[in-house]
Amino acid sequence: MAHLAHYREAHPLPFVLTHWINVIAMVILILTGFYIHYPPFEGFMGVARGAHILFGAVLVLNMLTRVVLAFFIKSAPTGGTRETAPDYKVFLPQADNRHQFGAWIKYYLFLKKDHPLGAKYGVPQKLAYLALPFLILIMAFTGLCLWGPTMNFGPFYGFTELVGGLMVIRIIHYYLMWVFILFMFVHVYLANIEGLSPTKLMFLRKEHGGLVYDPKVHNIVGEDDLEQHGHH
Amino acid sequence: MAAKPSRFSGFRLAPSGLKRPTAGLCVSSAPGSAPSTENFDQILEQRGVNRRDFLKLCAGIAATLGLSQAMVPQIAEALEESVIGATQGKLVPAIWLELASCTGCTESLAQAETPDIATIVLDMISLTYAETLSAGAGFSLEEAKEQTIEAGDYLLFIEGALMEGWDGNALRIADEKGTEIVEHAASRALAIICVGSCAVDGGWQAAYPNPGGAIGIAPYLEKAKAAGRIETIPPIINVPTCPSNPEHLIAVLVDVLLLSRLPELNSLSEPALIFGQTIHDNCPRRGHFENGEFVYKFGSKEEAQSYCLYAMGCKGPQTKANCPIVRWNRRSGWCVESGAPCAGCASADPTKQGFNWVDLNAPFLGRFKNVGLGGLSIDPTFIAYGVAGVVAVALVIHGFGMKATGRTKGGAPFELERAWDKKHPDEAVGAAAAAKEAARVEGREWPSGKTEQAQGTDASDDATASKGAGANSSAKADAAGKDAMSASATAAQVGAVEQEGFAVVEEEGEPEILETLTTPTGTVIYEEPIESEEGGDR
């Protein structure tokens, strides 16, 4: 058993909910976005646009909620521990991540045989998650540049003129959607390629035994087989 | 959309210019203004227009200008006073320059085969020079232009793009470079009205690859001013679309000449009210769009039903102009109404090179513009699907690699210590740091024999380093690897290691060892009774 134990403390219930909302909102936004870009069948434009605008707002509000909650909720700083720390510290680079970027890249490229030690999130993963709130904001901004009721509002109008018109905004918005799609490709792949346990924990709150990591010594200190030595 | 009142500062009609219409809401045909009205009505009659049609025109102008209907009498009075022969009103001279153009804008404006109420408004100006419309030609006409420029305070209409190519020789008129003609004519103009998209941003002529160096009037004059060839730039009013709509021009003329003001302009110096809303927002086919009823093919049943042209590449949603309201050809129809998707001709942007309206909207039947990649012109969706495909294939290949290396069942075994920490034991966060903390608590020297330990890169050297550094008091295991692990466990028992930048938030104190097990690899296993947020629900 080479992975860390998966405890619920890694993903407190509010973050499981925001993750669910993210998944639903992003999938709906991407599907309706494709339809709005080019409607491949008839009869869906009104619903698609309404849903796109609604879930755009949902995604932004959910992101803001997630960021604010990070300052009020504690979560486990790494897998394999039930200890908790303020979530924003866990989200930002932490001591467990230090100097590990190269190791992660090498591991992914098969240049390193053993698994890098890390925190709850590896370094590339953490950088991607930190970029997401900003990506969502840019998406929302360019979306409002394109939406009739807001396109003539000062900042949106000014940005549209700055980049050269609504056609350019549309292409930016479209390519940023693909950034989200590619993120989801990689995110889903990495979350599941070493086993489905992380997904079961995140979506279903199902715990899984594994190695125990001590955030104080920043290293693995033991093993916890939940089924064999069920505690609590 | 910021109006640019600064452009208007210094903008004054000539001292002998048109009298500002008197204020008041009384209709102009009321007693008191009888003589001029009679005269004016005669002119209307001569042109086959009745007074009712005239007032409808005034109402249309008021609507186009965004004025209240209460302004209709004022507009009517202003028109009456200004039309030649109606009163003593003096005409504002105008020069119409035709540069690199197809003459479509002139055609559009001069299509009055039958007497047209719009031509009455055009009678407000004295067109002293227009290549296509002037009766005169040759030297005498050029002379008339020169005299008008010399007298100053004229309106300068410019149709078509300016050509900078071949040192300005790409466009020569009457043995003179187009660039010089424009600089000279702009020097004393009251205002410049750029008629049609070519004069605004270079239009078709400026489309890629633009060998003749076509450019819009406003950006050219900015360059000429920066180069010191002209001193000031008169107020510029951009009136894009291809060709220009006579209704737009009339609205601008009424603003400039009769109300003695510049229309409210947006950041592209276009009349904000004309180019403020998207075509999509006012489109008569908008209902079909919302219902999801689209034309996918010309000649189809859907086209016959006048469904939305969105899927045919209509640029209405991103093009701002009031075409659906004003319409064209004396309000008989416009592009979408006659079955053609909007080509986006009003989206001319004079402020940026490379964002010419043709380049920005071609292919006209596609949803996106093509993007240039090293001389290639590619649909953005093709690039997106290509990149996504490459990423997907890479992930699949990577997945096979993970399978082959046995990482798909929980990943590879963890490293014993971070690679960086091995090389920098005094700054490390892992086991070495724990050992360092243990040494500090126990009052021992750290690092001991640092120089030789720091050189060590292989596992046994590092393990030795850990042992020598701080684990000697507790580690009893024989193998060096186990030793390093025990060192961490020891440190955990010694106490919380305070790390810079990260602090575990929980009650102070030593974790209690509940049970100690040994795995087949000899790793010491222990559990900590740490308070869990949801500990009670399992």
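## Basis

Local features are reported at pLDDT of at least 70 and side-chain atom pairs at pLDDT 80 or more, while totals for chains, interfaces and linings use all residues of this predicted model. Residues are numbered from 1 along each chain as its sequence is written, and chains are lettered from A and ligands numbered from 1 in the order in which they are written.

## Chain B overall

Chain B has 21 helices and 13 strands; helices (H or I, at least four residues) and strands (E, at least two) are DSSP runs, numbered from the N terminus. Of its 538 residues, 43% count as buried. A residue is buried if 20 or more other C-beta atoms lie within 10 Å of its own, exposed if 12 or fewer, and partly exposed in between, with C-beta atoms placed from the backbone. Among contacts in chain B with a separation of 6 or more, 65% link residues 24 or more positions apart; a contact requires C-beta atoms, placed from the backbone, within 7 Å.

Chain B is divided into domain 1 (280–345), domain 2 (378–402) and domain 3 (415–492), with bounds from an automatic or database domain assignment. The centres of domain 1 and domain 2 of chain B, taken over C-alpha atoms, are 36 Å apart.

## Nonpolar cores

The largest nonpolar core holds 109 residues, of which B:Leu155, B:Leu156, B:Ile158, B:Cys194 and B:Ile217 touch the most other members. Such a core is a set of buried Ala, Val, Leu, Ile, Met, Phe, Trp, Tyr and Cys residues joined through C-beta atoms within 7 Å. Helix α11 (residues 246–258) of chain B gives the most to this core, with 9 residues. Another core, of 12 residues, lies apart from it and includes A:Ala5, A:Ala76, A:Leu201 and A:Leu211.

## Strand β3 of chain B

Beyond four places in sequence, B:Leu156 is in contact with B:Ile95, B:Leu97, B:Ala185, B:Ala186, B:Ala189 and B:Ile192.

β3(B) runs parallel to β1(B), joined by 5 bridges, and parallel to strand β7 (residues 189–195) of chain B, joined by 6 bridges. Strands pair if DSSP finds at least two bridges between them. B:Glu98 has B:Glu159 as its bridge partner, and B:Leu155 has B:Ala191.

## Helix α7 of chain B

Helix α7 (residues 138–151) of chain B has 14 residues and reaches 20 Å from its first C-alpha to its last, close to the 20 Å expected at 1.5 Å a residue; the expected span is 1.5 Å times one less than the number of residues. In α7(B), B:Lys145, B:Thr148 and B:Ile149 are buried. Seen down the axis, the buried residues of α7(B) fall within an arc of 100°, so they line one face of the helix; the arc is that of the directions from the helix axis to the C-beta atoms.

The cover over these buried residues includes β1 (92–98), β2 (125–130), β3 (154–159) and α8 (178–186) of chain B. The face of α7(B) turned away from its buried side carries exposed residues, including B:Phe139, B:Glu143 and B:Gln147. B:Gly152 follows α7(B) and has a positive phi, near 75°.

## A:Ile220

A:Ile220 is in strand β4 (residues 219–224) of chain A. A:Ile220 is buried, with 25 other C-beta atoms within 10 Å. Leaving aside neighbours within four places in sequence, its contacts are A:Leu211, A:Val212, A:Tyr213 and B:Phe414.

Key
Contact = placed C-beta atoms within 7 Å.
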